Amino acid sequence: MASTNSNTIRIGILGCAKVVEKNALPSLQNLPGGKLTAIASRDRIKTQEWAAKYNLTAYDSYEELLSSTEIDAVYIPLPIGLHEQWVIAAANHKKHVICEKSLSTSLQSTKNMIEACQKNNVILFENFMCAYHPQHEFVRTTIASGKIGKVRIYKGYFGFPPFEKNSFRYDPILGGGSLNDAGAYTIFMARKIFQTEPIALTSTLEYNTEKGVDIHGSLFAEFPHNQVAITSFGFDQVYQNNYELWGQNGLIKVNRAFSIPPNLAPPIELITNENMTQKTQSPILLPFNQFEAIFIDFIYCINNKNSPIATIEQQHRIQNILNQARCMEAIRISHKENRKVMLLEVN
Ligand SMILES: NC(=O)c1ccc[n+]([C@@H]2O[C@H](COP(=O)([O-])OP(=O)(O)OC[C@H]3O[C@@H](n4cnc5c(N)ncnc54)[C@H](OP(=O)(O)O)[C@@H]3O)[C@@H](O)[C@H]2O)c1
């Protein structure tokens, strides 16, 4: 069983998910002000195994972990269709929540979760950890410097070869589909890079009729000042994980954009045209653990949640979660009704 000092935020995890084994367990054993202390699973044997291996307290059910007075916050890496139920349950148990993306499958569901967290005065994070990687700040600074001129187009691709057949990603009830899983990142990053919300979204989603989920999709987002985002995502393609910005005088290519290992130096290319000659540079950026970074921020926000600045930051975070959910809703409506959707319509 894990031990902590009295000020440490104790984090429990709901579910022995793959994303936890890949990212959380290596990164979250010891963080400034916080510690991973517990795990709960539907599978008792798995819980015991993980608890022993990673020095965690094992709980036999999600409910039991949420009821524990030994836990201050929870990480929810469950299938997307289960997020609403467990985020609300966690909030009602006064646990702060960091929940995997996409937070929900609808705008209303996101609103329900926000309401529960606000009512219980707990912090809510959506785990878009890519937001924390400094490579995107580098991109923004480069654009601001004028090096590639006015940027008109963001193009983003995120997609993978098929998952194993029983993956929750093929189950509509569990919130499957490539938009919720991969497409969400592409619009999230366009919003982050342009630092504003789209005016209108148009999308097309390709459904696998047997599975009942979208396995591929594309979208076109119109932003203010004639800037647009064109993105594609899917589950049955060669791996893509990148975006690029096409400016009047140059191009920036971010070749490992949404998911990037903590030990990989970001492979970015900066292509400019000087005196009719194309020049390609590979700026040197340091590797960075974005998973650890978002958890450090989560813990910091919990520890400082009553300060005036934290209150403002929490409002921004919630607004950002809502804005993302509105875009996702607009994308769904656009596909369903086969039309362009103005973001103002979606409330
Ligand atoms: N931020 C990122 O970079 C990133 C990367 C990958 C995935 N994700 C997100 O993380 C979440 C989990 O993805 P994953 O790939 O790790 O999935 P996964 O391995 O299938 O894990 C999901 C876990 O949910 C639990 N669960 C509870 N009810 C379930 C049900 N009815 N069917 C299936 N599982 C159920 C299971 O844990 P127990 O059996 O132990 O209870 C399972 O291990 C998703 O929301 C996904 O979008 C985020």
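This is a predicted model: local features need pLDDT of at least 70, side-chain atom pairs count only at pLDDT 80 or more; totals for chains, interfaces and linings use all residues.
Reader: How many residues does the contact take from domain 1 and from domain 2?
Author: On the side of domain 1 that touches domain 2, helix α1 (residues 18-27) gives the most, with three residues. That side divides into eight nonpolar, six polar and one charged residue. In total, the contact takes 15 residues from domain 1 and 19 residues from domain 2.

Reader: From which domains does the shell around the ligand draw at least three residues each?
Author: The ligand is surrounded by 22 residues, and the closest are Gly15, Ala17, Lys18, Val19 and Ser41. By class, this shell has 11 nonpolar, four polar and seven charged residues. At least three residues come from each of domain 1 (9-130) and domain 2 (132-291 + 326-342).

Reader: Are α5 and α9 roughly parallel or roughly antiparallel to each other?
Author: Helix α5 (residues 107-119) and helix α9 (residues 308-337) pack with their axes 9 Å apart, at an angle of about 165°. Angles over 145 degrees count as roughly antiparallel. The two helices, α5 and α9, are therefore roughly antiparallel.

Reader: Which residues of α5 and α9 make the contact?
Author: The crossing in which α5 passes α9 is right-handed. By class, the contact has six nonpolar, one polar and two charged residues. From α5 come Leu107, Thr110 and Ile114, and from α9 come Ile318, Ile321, Leu322, Ala325, Arg326 and Glu329.

Conventions:
Residues are numbered from 1 along each chain as its sequence is written. A residue is near a molecule or strand if its C-beta atom, placed from the backbone, lies within 6 Å of it. Ala, Val, Leu, Ile, Met, Phe, Trp, Tyr, Cys and Pro count as nonpolar, Asp, Glu, Lys and Arg as charged, and the others, Gly among them, as polar. Domain bounds come from an automatic or database domain assignment. Axes are lines fitted to C-alpha atoms, for helices over the stretch in contact, and angles run from 0 to 180 degrees between N-to-C directions. Helices (H or I, at least four residues) and strands (E, at least two) are DSSP runs, numbered from the N terminus. Angles under 35 degrees count as roughly parallel, over 145 as roughly antiparallel, 65 to 115 as roughly perpendicular and the rest as oblique. A crossing is left-handed if the near helix is turned anticlockwise from the far one by less than a right angle, and right-handed if clockwise. Two residues are in contact if their C-beta atoms, placed from the backbone, lie within 7 Å.
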